[in-house]
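Let's take a friendly tour of a protein model. Have a look at the chain below, and then we will go through its details together.

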Amino acid sequence: MFEQMSNQLLFDVLALLPEIMLLVTICAVIPADMLAPLSQSRNISLRFGCLGLLFALLAVGQHPFVGDGSPYPFYYFGGSFVVDRLASLFKLLFVGGALVTLLLTWRSETLAGLRFGEYVVLILGAVLGACVLASANNYVVLLLGLETLSLCSYVLAGYLKDRRESAEASLKY
């Protein structure tokens, strides 16, 4: 009985592999940015972030349902988390969009002189919330994904503290 429960838990956790990859990346970017000098903060944080997003992209593509022709979705954690074609498509869009965003900000001069780790963590946190939101099949999981996405978005709106437009955007948002 214990072996059956542990196997089911393993399958449930493996369904969260893209989200786990994003969470591990967040946990790797924070100390890497703290230990890096300010001149290397941009390169180190963006490399960690892009690498984590690539792994998350591969994890979304490796789910057994994506390549399978089965019309039925897979339910995990007692039906509160679902992985189907629509959720996988949205996860691919969210993770791919975040990867493009990080690549476009690599040479941006708007964020020059700031520690880039904070920015990368906020982008990854927003993507994590969006991925959880895409697979939510329960109100609690839906609320968890929505709050994670919205809190990171609120902070991103006012990220440039010294600019008037950024402060105004954060107040309005």
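## Two salt bridges

Glutamate 19 counts as buried because its relative accessibility is 5%; buried means under 20% relative accessible area, exposed over 50%, and partly exposed in between (1.4 Å probe, protein chains only). Its partner is lysine 91, and the closest N and O atoms of this salt bridge are 2.9 Å apart. A salt bridge here is a side-chain nitrogen of Lys or Arg within 4 Å of a carboxyl oxygen of Asp or Glu. Glutamate 19 sits in helix H2 and lysine 91 in helix H5 (residues 85-105), so the pair ties together parts that are 72 residues apart in sequence. Lysine 91 is buried too, with a relative accessible area of 3%.

How many salt bridges does a search of the whole structure find? It finds 2. The other joins the side chains of arginine 115 and aspartate 33, at 3.6 Å from N to O. Arginine 115 lies in the loop between H5 and H6 and aspartate 33 in helix H2, so this pair ties together parts that are 82 residues apart in sequence. Arginine 115 is partly exposed at 24% relative accessibility, whereas aspartate 33 is buried at 6%.

## Helix H3

Helices are DSSP runs (H or I, at least four residues), numbered from the N terminus. The 21 residues of helix H3 (residues 41-61) should span 30 Å at 1.5 Å a residue, and the end C-alpha atoms are 30 Å apart, which agrees. The expected span is 1.5 Å times one less than the number of residues. The buried residues of H3 include Leu46, Gly49, Cys50 and Leu53.

## Cysteines

Cysteine 27 is exposed, at 53% relative accessibility, while cysteine 152 is buried, at 13%. The count of disulfides comes to 0, where a disulfide is a pair of cysteine sulfur atoms within 2.5 Å.

Residues are numbered from 1 along each chain as its sequence is written, and side-chain values use heavy atoms, leaving out hydrogens and water.

The mean pLDDT (the predictor's confidence in each residue, from 0 to 100) of the protein chain is 85, and 86% of its residues reach 70 or more. Confidence is lowest in helix H4 (residues 64-67), at a mean of 52, and highest in helix H6 (residues 116-134), at 94. Where pLDDT is low, the predicted coordinates should not be read in detail.

Note on methods: Predicted model: local features only at pLDDT ≥ 70, side-chain atom pairs only at ≥ 80, totals over all residues. Helix = DSSP H or I, 4+ residues; strand = E, 2+ residues; numbered from the N terminus.
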